[in-house]
Amino acid sequence: MTPRLAGTPVLETARMVLRVPGAQDYPAWRAFYTSPRAVFIGAGPQMDEGRAWRAFASVIGHWALRGCGVFALTLRGSDTAIGTCGPWCPAGWPEREISWSLWSAEHEGKGLMTEAARAVLPFVHGVLGWDSAVSYIDRANAPSIALAERLGAVRDPAAPAPRGDPGTLVYRHPVPDDAGGMEAYA
């Protein structure tokens, strides 16, 4: 069941529906979070069921506490989540972030995350009113660095990383030209 929070938007792209994560997404999240694919978000094979559950609960809880959060990405015609993308600003984060994760290699190389992020950026600027957004990326995560650069983000070496982590690069996103026109989601 997907939680229904007042004002929770659904974004749509040519190939995807971006919606609030729900309990039905947990099995796919758990498989991702406990796999080697998750090492760049501080998870991986060393994670157990309890830690995966608490991390997923924070993904859902972010919506209730902040009024926004990462969207579950689903391909049109399917309600199975394949990843997340969206605003992320937990307590202690230096700046508001655009976060993303693609949960399986099966969906890589198809431009899906670029498409999702291009829907999210106008939303965070036009609806949420953010005047700035960054992405925190592990310096060894070449696919995420390439995605940030495809989106027009530039490295900001003066910006602080979460927990002062020297292995984290900060990419600053430009404000998109189409940040207006999102009033339907306000």
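Student: Where is G109 found?
Tutor: G109 is in the loop between β5 and α3. Keep in mind that this is a predicted model.
Student: Is G109 buried or exposed?
Tutor: G109 is exposed, with a relative accessible area of 86%.
Student: How far is G109 from P143?
Tutor: Their C-alpha atoms are separated by 9.5 Å. Along the chain, G109 and P143 are 34 residues apart.
Student: Let's zoom out. How many helices and strands does the protein have?
Tutor: The count is 4 helices and 8 strands.
Student: And in what order do the elements run?
Tutor: From the N terminus on, the order is β-β-α-α-β-β-β-α-β-α-β-β.
Student: What share of the residues is buried?
Tutor: Buried residues make up 48% of the 186.
Student: What about contacts between residues 24 or more positions apart?
Tutor: Take the contacts with a separation of 6 or more. Residues 24 or more positions apart account for 59% of them.
Student: What does the surface look like in numbers?
Tutor: The accessible surface comes to about 9000 Å². Carbon and sulfur atoms hold 56% of that.
Student: And the charges? How many are positive and how many negative?
Tutor: There are 17 positive and 18 negative charges.
Student: New topic: rings. How many aromatic pairs does the structure hold?
Tutor: It holds 9 aromatic pairs. One of them is W29 with F56, whose ring centres are 5.8 Å apart.
Student: Why is the pair of W29 and F56 called tilted?
Tutor: Because the ring planes of W29 and F56 stand at 40 degrees. Planes under 30 degrees apart would count as stacked, and over 60 as edge-to-face.
Student: Which helices do W29 and F56 lie in?
Tutor: W29 lies in helix α1, residues 26-33, and F56 in helix α2, residues 49-66. So the pair ties together parts that are 27 residues apart in sequence.
Student: Are W29 and F56 buried or exposed?
Tutor: W29 is buried at 5% relative accessible area. F56 is buried too, also at 5%.
Student: What about F32 and W103? How do their rings sit?
Tutor: The planes of F32 and W103 are at 20 degrees, so that pair is stacked. The ring centres are 6.2 Å apart. F32 is in helix α1, while W103 is in the loop between β5 and α3, 71 residues apart.
Student: Buried or exposed, those two?
Tutor: F32 is buried, with a relative accessible area of 3%. W103 counts as buried at 8%.
Student: Which residues form one aromatic cluster?
Tutor: Y26, W29, F32, Y33, F56 and W103 do.
Student: Jumping to P87. Which strand is P87 in?
Tutor: P87 lies in strand β4, residues 81-88. P87 is buried, with a relative accessible area of 0%.
Student: What is P87 in contact with?
Tutor: Leave aside its neighbours within four places in sequence. Then its contacts include H62, C68, F71, V120 and W130.
Student: How far apart are P87 and R163?
Tutor: They are 19 Å apart in space, C-alpha to C-alpha, and 76 residues apart in sequence.
Student: So where is R163, and is it buried or exposed?
Tutor: R163 is in the loop between β7 and β8. At 72% relative accessibility, R163 counts as exposed.
Student: What is phi of R163?
Tutor: Phi of R163 is near 60 degrees, a positive value in a residue other than glycine. Most residues other than glycine have a negative phi.
Student: Last one: D156. Where does D156 lie, and what does D156 touch?
Tutor: D156 lies in the loop between β7 and β8. Not counting residues up to four places away in sequence, D156 touches V170 and R172.
Student: Why does D156 count as buried?
Tutor: Because its relative accessibility is 18%, and buried means under 20%.

Key
Residues are numbered from 1 along each chain as its sequence is written. This is a predicted model: local features need pLDDT of at least 70, side-chain atom pairs count only at pLDDT 80 or more; totals for chains, interfaces and linings use all residues. Side-chain values use heavy atoms; hydrogens and water are left out. Helices (H or I, at least four residues) and strands (E, at least two) are DSSP runs, numbered from the N terminus. Buried means under 20% relative accessible area, exposed over 50%, partly exposed in between (1.4 Å probe, protein chains only). Contact means heavy atoms within 4.5 Å. Accessible areas come from the Shrake-Rupley method with a 1.4 Å probe; for residues, only the protein chains shown count as cover. Lys and Arg count as positive and Asp and Glu as negative; His and the chain ends are not counted. The place of a charge is taken as NZ of Lys, CZ of Arg, CG of Asp or CD of Glu. Rings of Phe, Tyr and Trp (its six-membered ring) pair if their centres lie within 6.5 Å; planes under 30 degrees apart count as stacked, over 60 as edge-to-face and the rest as tilted.
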